[in-house]
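Please consider the following model, shown with its sequence.

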Amino acid sequence: MHPGAWWVWAISLGTAATRTTNPLLLGLLIAVSAYVVATHRSPAPWARSYSAFAKLAFAVLLIRLVFAVALGSPIPGTHVLLTLPEIPLPHWAQGIRLGGEVTAEALVFAAYDGLKLATLLICVGAANALASPSRLLKSLPGALYETGVAVVVALTFAPHLIADVQRLRAARRLRGRPDRGVRGLLQVGLPVLEGALERSVALAAAMEARGYGRSADVPARVRRTTSALTLGGLLGVCAGTYGLLTAEGGSYGAPLLLAGIAAALAGLRLGGRRSLRTRYRPDPWGPRAWLVTGSGVAVAALLTLASSRAPEALHPGVVPLTAPTLSLWPAASVLLALLPAFVVPREHS
């Protein structure tokens, strides 16, 4: 399976999550991604990052609720749950309050908003758990190779740091020493930092010996053309996306977005001339990769269509409070993302 297919699938699920605040649909997206990860992630260390992303998503949801309680919410509400002591603020801080009434409408709105961001983080975690960073690096265009190396090294070091922390905490517990609190954090954090620095120096020396970072000389005209195409393409993508999101730009948004994508791809193609590397046994983009990609894109497209055709099904009311409902065809659209669980062979340890 091409690692890029997993990333497109996961990003498409994250895009679908941004189109709805319905907690039932968001929970279904989380369940679908969790099932695919549980059945297809490999035993490699980088595949354990899904649980870390899930914990981060839960923390984001809690922080969003705490902010809604402590700082208030612009959502008007009539169902007062509790009243906190309100701290008066100066006149220049108008619109911000500390304490005061906490309404059910404000809490529900904050929960919907936090759950949407949590779902997006979990989808990114699914991509990290399913796609091999080293294989993804091989698939990057030559122009993005140096950036890809930095990202892959960062993603590879994160699981090692987590494993070092767990190993050192277990060793301290076996010796009867504290592994929690400020003292435990210092006693565990310093050896982890020292090990990370030693590993970084060793990796830098190994990469320097293998020729990483060296590039070929290209004519100045090609460099200028590459920069113009890449920058112009990115500006075209931004302008086209803005046009698609606004009602006035529906006529020019799609052509400008396609032109920007074409220019950016041409710039990346020319920029690849600076790379001296060759690919050994590149990952093929086969029929299974197309099915995985298509299932994710279909979910994003169908939920985007549903948000314009049936917004009440994707955005339950907060004022007044209404119970969220699970409509049939948006739920069936999300279930299309389960296709990779049946068409991709499972990893075996």
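Which residues are buried in α3? They are S49, Y50, A57, V60, L61 and A68, where buried means under 20% relative accessible area, exposed over 50% and partly exposed in between (1.4 Å probe, protein chains only). This is a predicted model, in which local features need pLDDT of at least 70, side-chain atom pairs count only at pLDDT 80 or more, and totals for chains, interfaces and linings use all residues. Residues are numbered from 1 along each chain as its sequence is written, and side-chain values use heavy atoms, with hydrogens and water left out.

The buried residues of α3 pack against α2 (23-40) and α4 (104-130); contact here means heavy atoms within 4.5 Å. Helix α3 covers residues 49-71, and its end C-alpha atoms lie 32 Å apart, which agrees with the 33 Å that its 23 residues should span at 1.5 Å a residue. Just after α3, G72 adopts a positive phi of about 80°.

H2 counts as buried because its relative accessibility is 9%. The side chain of H2 reaches the backbone nitrogen of G4 at 2.9 Å.

W285 lies in the loop between α9 (253-271) and α10 (287-309). W285 has a relative accessible area of 32% and is therefore partly exposed. Together, V8, W285, W290 and V297 make a nonpolar surface patch of about 380 Å².

Key: Patches are made of residues with over 30% relative accessible area and no salt bridge: like charges are joined within 9 Å, nonpolar side chains (Val, Leu, Ile, Met, Phe, Trp, Tyr) within 5 Å. Accessible areas come from the Shrake-Rupley method with a 1.4 Å probe; for residues, only the protein chains shown count as cover. A salt bridge is a side-chain nitrogen of Lys or Arg within 4 Å of a carboxyl oxygen of Asp or Glu. Helices (H or I, at least four residues) and strands (E, at least two) are DSSP runs, numbered from the N terminus. A polar contact is a pair of N or O atoms within 3.5 Å; within protein, one must be able to donate a hydrogen and the other to accept it, and residues adjacent in sequence count only if both atoms are side-chain atoms. The expected span of a helix is 1.5 Å times one less than its number of residues.
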